[in-house]
Amino acid sequence: MLTLLILLGIVVVLAFWAVGIYNGLVTARNAFKNAFAQIDVQLQRRFDLIPNLVETAKGYLSHERETLEAVIAARGAAVSGLAAAKASPGDPAAMAELANTQGALNSALGRLLAVSEAYPDLKANQNMMQLTEELTSTENKVAFARQAFNDSVMAYNNKREVFPSSVVAGMFAFAPAALLEIPEEKQAEVRAAPKVEF
């Protein structure tokens, strides 16, 4: 009888231990999903600013249709990339697609802002100055949100991979989450893109 009680006690302790690990993994997964939601908010704000920026520039940049169309097309692709990533935050393919589309959008915006430098009337336009200031602020918020997301993903992946959590993670199919990283070939473009100096 005493042996049975000891075994039962061990089973109960192991069950509580496994539940604690499982709950920690769920909490970490929810934390990185919440961090991605913050990226979503900032990217939506950015996407909302872009049509206004293009519309303001359109009257001044009548000879630069290709640049304006490239920004509009890149915005459309970036919105699609965000939608795919929202459906599955942390999924490696979705994060890679989001990073690629954001890199292309940053590059297109950089070209638009560089072209606008050649038009003094556009640079002096109050709407353009306000929009570019808001865009710069949003870019900073996106960078901070991306950093918070990557920190949350790293914490989740660490928790998922260390022993004994890795045993519980494997039993309950906790998949690894991917960081939101800019591809190497896009990093120079993205870092240089939103330099707004009006």
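**A walk through the helices**

Reply: Happy to! Leu8 lies in helix H1. Please keep in mind that this is a predicted model.

Me: Which residues form a nonpolar patch on the surface together with Leu8, and what is their accessible area together?

Reply: Leu8 belongs to helix H1. The patch on the surface is made of Met1, Leu4, Leu5, Leu8, Val12 and Phe16. Together these residues have an accessible area of about 710 Å².

Me: How far apart should the end C-alpha atoms of helix H2 be, and what does the model give?

Reply: Helix H2 covers residues 65-87, which is 23 residues.

Me: Which helices do the buried residues of H2 pack against?

Reply: The buried residues of H2 include Leu68, Val71, Leu82 and Ala85. Thr67, Ala74, Ala78 and Gly81 are also among them. The packing partners of the buried H2 residues are helix H1 (2-58) and helix H3 (92-116).

Me: Is Gly76 buried, exposed or partly exposed?

Reply: Gly76 lies in helix H2. Its relative accessibility is 33%. Buried would need under 20% and exposed over 50%, so Gly76 counts as partly exposed.

Me: How many aromatic pairs are there, and what kind of pair do Phe32 and Tyr156 make?

Reply: Searching the whole structure turns up five aromatic pairs. In the pair of Phe32 and Tyr156, the ring centres are 5.1 Å apart and the planes are at 55°. Planes over 60 degrees apart would count as edge-to-face and those under 30 as stacked, so this pair is tilted.

Me: How many residues apart in sequence are the parts that Phe32 and Tyr156 tie together?

Reply: Both Phe32 and Tyr156 are buried. Phe32 sits in helix H1, while Tyr156 sits in helix H5 (residues 126-161). The pair therefore ties together parts whose separation in sequence is 124 residues.

Me: What kind of aromatic pair do Phe36 and Phe149 form, and which helices hold them?

Reply: The Phe36 and Phe149 rings are 5.6 Å centre to centre with 65° between the planes, an edge-to-face pair. Phe36 and Phe149 are both buried. The pair ties together parts 113 residues apart in sequence, because Phe36 lies in helix H1 and Phe149 in helix H5.

Me: Which residues do ring pairs link into a cluster?

Reply: Phe32 pairs with Tyr156, and Phe36 pairs with Phe149. Ring pairs link these residues into a cluster: Phe32, Phe36, Phe149 and Tyr156.

How values were computed:
Residues are numbered from 1 along each chain as its sequence is written. This is a predicted model: local features need pLDDT of at least 70, side-chain atom pairs count only at pLDDT 80 or more; totals for chains, interfaces and linings use all residues. Side-chain values use heavy atoms; hydrogens and water are left out. Helices (H or I, at least four residues) and strands (E, at least two) are DSSP runs, numbered from the N terminus. The expected span of a helix is 1.5 Å times one less than its number of residues. Buried means under 20% relative accessible area, exposed over 50%, partly exposed in between (1.4 Å probe, protein chains only). Contact means heavy atoms within 4.5 Å. Rings of Phe, Tyr and Trp (its six-membered ring) pair if their centres lie within 6.5 Å; planes under 30 degrees apart count as stacked, over 60 as edge-to-face and the rest as tilted. Patches are made of residues with over 30% relative accessible area and no salt bridge: like charges are joined within 9 Å, nonpolar side chains (Val, Leu, Ile, Met, Phe, Trp, Tyr) within 5 Å. Accessible areas come from the Shrake-Rupley method with a 1.4 Å probe; for residues, only the protein chains shown count as cover. A salt bridge is a side-chain nitrogen of Lys or Arg within 4 Å of a carboxyl oxygen of Asp or Glu.
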